[in-house]
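Here are my notes on the model you sent over. Have it open while you go through the points.

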Amino acid sequence: MKILIITDKYFPKPLANAVCMQKVADSFVQMGYSVDILAFKDTGIKGENIYNNCKVYYIVPDIRNRLYNYSFNFPDSPFAKPFQTIATFMNRLGKLIMLPFTPLYSFGFPLRLKHRIEKLHKNNKYNLIISVYQPFEAALAGYWFKKSHKDTPFCLYTLDTFINQKYSFLAKKSNRNKWLYKFLNETDEFIYMRSRIKEYDKPWFENWQHKMFYSDIPLMTPVNRLIGAEHTSAEEKWVYAGSLDMPHYKTDDLLEIFLKISKGHNRQLLFYSRGENADKLKPYENETKGKIRVPGYVSHDELMKIYSEANILVSIKYSDQISAKIFEYMSYGKKIVHISGNPDDPNAEYIKHYSKGIVLAPYKDPIEECARQLTEWLDSWTEEKENMPIDYSYFEMNRPEYTAELILNAVRRRENEFQ
């Protein structure tokens, strides 16, 4: 069987959805299938032609994406901020012009992407096409491809919500939008995250429920926690990795709690992040005499080593959207401190089922109480408790193999239809 996966910014500096999809691709390869990746070409970064036994093809994205990627990859360049400003302006203008087709930015790039899929399919005769949403262009190109190739199974793998979270005038719009209906009409399988069951358990999705299935973030690979040397210095390292973008992430409560419990302790909190909100944290490096540090963005491979050397991994969530990185965190078997700023935060429930995690909820408890809970929890750790095996049974759906098998059902159903 040959499988083509369409995703966006890829290794060595992938976005979160590409990391998730690669884990599923690894499972396909382990099952003996051939997997190709079609990714958005990064700016100024040489991509891999073969990654984990997957052949990787690239397509040059639109200029807006290229400018964003440049500022992401080279934050210290004098062109980084101007390029980011130009890209943001282009993004807002394009989406304003294309408002009737929200969230589409333009038709040009997804059309090019669709033609590239067709060319690859002509040469390789894929048995399954998988589009990852986000990005929207991957979903749209896959949909257009499917409309003209009815006999090729197509799966839309949605790690993100279709409900707009970023723009306030669209934030309360339900996911009953024309694009989603179009996608559901054509896809052979629509996979969404189980944290979004309430979004799709609605009467207006009744006609498609037979091909709608939920899975979960496929990053639970506990063997990873054995990779790399443990941190052995006297300094206790706390690590936060990932986005700090609003409305999902705020650092105020975390900083206040951390500084309260760190008086007289040799602790350091490191933020491996980028962007405006990460930059706002840099003055804390001097103000706290190095207790807070902002090393910035690092490659995914570097981040894996940082996880393995950390004492404590830190998570934050102030919205109702799931975070992929908590499952990578848990794979390392490290202690996890999660700051939950929203009663509907889906991450909190997962951390509660992880034996080395604690959830602090400053939206309901005063900061002083959160600091007390955290201090008590930290003081409770003994060497025996630290070495106790972790029960991962709650996270069955987070195994990449689970999602891989679920996706393969699309092919099996198609085969049964033609028997």
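1. Start with α2, where Arg64, Asn65, Leu67, Asn69, Tyr70, Ser71, Phe72 and Asn73 are buried. Buried here means under 20% relative accessible area with a 1.4 Å probe, counting protein chains only. Helices are DSSP runs of H or I of at least four residues, strands are E runs of at least two, and both are numbered from the N terminus.

2. A word on the ground rules: this is a predicted model, local features need pLDDT of at least 70, side-chain atom pairs need 80 or more, and totals for chains, interfaces and linings use all residues. Numbering runs from 1 along each chain as its sequence is written, and side-chain values use heavy atoms, leaving out hydrogens and water.

3. So how much of α2 is covered? The helix spans residues 63-73, and eight of its 11 residues are buried. Those buried residues pack against β1 (2-9), α3 (80-97) and α5 (136-148).

4. Look at the N-terminal end of α2 too: Asp62 caps it, with a side-chain oxygen 3.1 Å from the backbone nitrogen of Arg64.

5. Zooming out, the protein chain has 16 helices and 14 strands. Of its 419 residues, 55% count as buried. Among contacts (heavy atoms within 4.5 Å) between residues at least 6 apart in sequence, 69% join residues at least 24 apart.

6. On overall dimensions, the C-alpha atoms fill a box of roughly 65 × 50 × 45 Å along the principal axes.

Conventions. Buried means under 20% relative accessible area, exposed over 50%, partly exposed in between (1.4 Å probe, protein chains only). A polar contact is a pair of N or O atoms within 3.5 Å; within protein, one must be able to donate a hydrogen and the other to accept it, and residues adjacent in sequence count only if both atoms are side-chain atoms.
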